[in-house]
Amino acid sequence: MARTPIAQMSFTKVYPLLVQKAERRGRTREEVDTVTCWLTGYDRDGLARQLERNLTYQEFFDEAPAMNPNRALIRGKICGVDIAAIEDPVEQDARYLDKLVDELARGRAMETILRA
């Protein structure tokens, strides 16, 4: 079975899984929304509107108001892959978001997660 490229995956279907990952560890959807808005520049209403649509990751990131330039400060590995080594910008942004949610789920302080 061929692997679906992240850019073509449904962001609308994956986002609830990111929320579940955080909630299993005692964090909230609001916190997941906060890190998502920090990364993409969406406000909460804009994020909610995007989640109502059946968007792919490509569309979600292409329509983002302002990708945070500090996202390059996010380091580490997701699924055994070094985020900095990912060449596809959509896949890299998706992995940045996944890493932010992982940090949230691990109990890190929001100020640290948002590279403040």
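Aspartate 33 touches Tyr15, Arg44 and Leu47, leaving out residues up to four places away in sequence; contact here means heavy atoms within 4.5 Å. This is a predicted model, so local features need pLDDT of at least 70 and side-chain atom pairs count only at pLDDT 80 or more, while totals for chains, interfaces and linings use all residues. Residues are numbered from 1 along each chain as its sequence is written, and side-chain values use heavy atoms, with hydrogens and water left out.

Aspartate 33 sits in helix H2; helices are DSSP runs of H or I with at least four residues, numbered from the N terminus. With a relative accessible area of 12%, aspartate 33 is buried, where buried is under 20% relative accessible area, exposed is over 50% and partly exposed is in between (1.4 Å probe, protein chains only).

Now for helix H3. In H3, which runs over residues 44–52, the buried residues are Gly46, Leu47, Gln50 and Leu51. They cover an arc of only 135° around the axis, and so they end up on the same side of H3; the arc is taken from the directions from the helix axis to the C-beta atoms. Asp45, Arg49 and Glu52 are exposed, on the face of H3 turned away from its buried side. What do the buried residues of H3 pack against? Their partners are helix H1 (11–24), helix H2 (29–40) and helix H4 (57–62). At the start of H3, the backbone nitrogen of aspartate 45 has a side-chain oxygen of aspartate 43 within 3.2 Å.

Two packed helices are described by the angle between their axes and the distance between the axes. For H1 and H3, the angle is about 120° and the axes are 8 Å apart. That angle makes H1 oblique to H3 (under 35 degrees is roughly parallel, over 145 roughly antiparallel, 65 to 115 roughly perpendicular, and the rest oblique). On the H1 side, Phe11, Thr12 and Tyr15 meet Leu47, Gln50 and Leu51 of H3. By type, the residues of this contact split into four nonpolar, two polar and no charged.

Leucine 51, a residue of H3, counts as buried at 16% relative accessibility. Setting aside neighbours within four places in sequence, leucine 51 is in contact with Phe11, Thr12, Tyr15 and Arg29. Leucine 51 and lysine 13 are 38 residues apart in sequence, and their C-alpha atoms are 8.8 Å apart in space.

Key. Helices (H or I, at least four residues) and strands (E, at least two) are DSSP runs, numbered from the N terminus. A polar contact is a pair of N or O atoms within 3.5 Å; within protein, one must be able to donate a hydrogen and the other to accept it, and residues adjacent in sequence count only if both atoms are side-chain atoms. Axes are lines fitted to C-alpha atoms, for helices over the stretch in contact, and angles run from 0 to 180 degrees between N-to-C directions. Ala, Val, Leu, Ile, Met, Phe, Trp, Tyr, Cys and Pro count as nonpolar, Asp, Glu, Lys and Arg as charged, and the others, Gly among them, as polar.
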